[in-house]
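Open the structure in your viewer and keep the selection tool at hand. Each stop below tells you what to select next and what is there.

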Amino acid sequence: IYQLGSNSADGVAGITQLPIEPGQEFLHEFQIINQTGTFYYHAHVGVQDDTVQGSLIVYETEEALAQAEKEMLSDGTSKIREGPYEYDEERILHWSEWWHQSVYDREDFYTGSKFTGDGGPDSFLLNGQSVYNSHSVSDQCRGFPVIDLKPNRVYRLRFIGALTFRM
């Protein structure tokens, strides 16, 4: 997303802004002009996929946003219109990685002299859920996500690939 007029708050600690210390808050304000669609935010500290990240949806109009919010709260019958498309509801499919090593060890590996590439994460997450192997469902590993769909509805799927070296 083009952050017009807010490069000094792009999140790269020590480069474009001061670090946000533990316990501090930071409000990131920026303009979005002539941009719509599916984006995601992430921290610029260490390895981004092990820190803060999430979806950021920009609707084409205030009306489309209002319809999407209404649909999230009720089972209304009005369609959401974005550009040439109409749909009933939307689902976000946010892909990320889960590494079974500390964020510090992984960052040291990526920035060290022995780095030539990685062999991939231990698990891929979809909306924050997955399994390490077929026998590891537990409180910490809740299994594959379930995406509820209703019959006779049109869904818009928004894919986010918040991954380090993969698409």
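The tour goes from the whole chain to single side chains.

**Stop 1: the whole protein**

Start with everything shown as a cartoon. This is a predicted model. Colour the chain by pLDDT. The mean is 81, and 86% of the residues reach 70 or more. Helix α1, residues 62-73, has the lowest mean pLDDT, at 77. Strand β7, residues 155-161, has the highest, at 92. A word of care: where pLDDT is low, the predicted coordinates should not be read in detail.

The protein has 2 helices and 7 strands. Their order is β-β-α-β-β-β-α-β-β. The accessible area is about 11,600 Å², and carbon and sulfur atoms account for 54% of it. Of the 167 residues, 29% are buried. Consider also how the chain meets itself. Among contacts between residues at least 6 apart in sequence, 56% join residues at least 24 apart.

**Stop 2: the largest nonpolar core**

Which residues make up the largest nonpolar core? Select Ile 57, Tyr 59, Ala 64, Ala 68, Ile 80 and Tyr 87; these 6 residues form the set. Then centre on Ala 68. Leaving aside neighbours within four places in sequence, Ala 68 is in contact with Tyr 59 and Ile 80.

**Stop 3**

Move to Gln 24, in the segment before β1, which spans 37-42. A polar atom of the Gln 24 side chain lies 2.7 Å from the backbone nitrogen of Glu 21.

**Stop 4**

Charged side chains come next. Side chains of opposite charge can pair when their charged atoms come close. The whole structure holds 8 salt bridges.

Select Glu 89, in strand β5, residues 89-98. Glu 89 counts as buried because its relative accessibility is 7%. Lys 150 itself is partly exposed, with a relative accessible area of 35%.

**Stop 5: a salt-bridge network**

Finish with Glu 82, Glu 90, Arg 156 and Arg 158. These residues are linked in a network of salt bridges. Zoom in on Arg 156 and Glu 82. Their side chains meet in a salt bridge of 3.7 Å, N to O. Arg 156 lies in strand β7 and Glu 82 in strand β3 (residues 80-82), so the pair ties together parts 74 residues apart in sequence.

Which of these two partners is buried, and which is partly exposed? Glu 82 counts as buried, at 8% relative accessibility. Arg 156 counts as partly exposed, at 26%.

Definitions and conventions
Residues numbered from 1 in each chain as written. Predicted model: local features only at pLDDT ≥ 70, side-chain atom pairs only at ≥ 80, totals over all residues. Heavy atoms only, no water. Helix = DSSP H or I, 4+ residues; strand = E, 2+ residues; numbered from the N terminus. Buried < 20%, exposed > 50% of the residue type's maximum accessible area, 1.4 Å probe, protein only. Contact = heavy atoms within 4.5 Å. Areas by Shrake-Rupley, 256 points an atom, 1.4 Å probe, with all protein chains shown as cover. pLDDT = per-residue confidence, 0-100. Core = buried A, V, L, I, M, F, W, Y, C linked by side-chain atoms within 4.5 Å. Polar contact = N/O pair within 3.5 Å; in protein donor to acceptor, adjacent residues only side chain to side chain. Salt bridge = Lys/Arg side-chain N within 4 Å of Asp/Glu carboxyl O.
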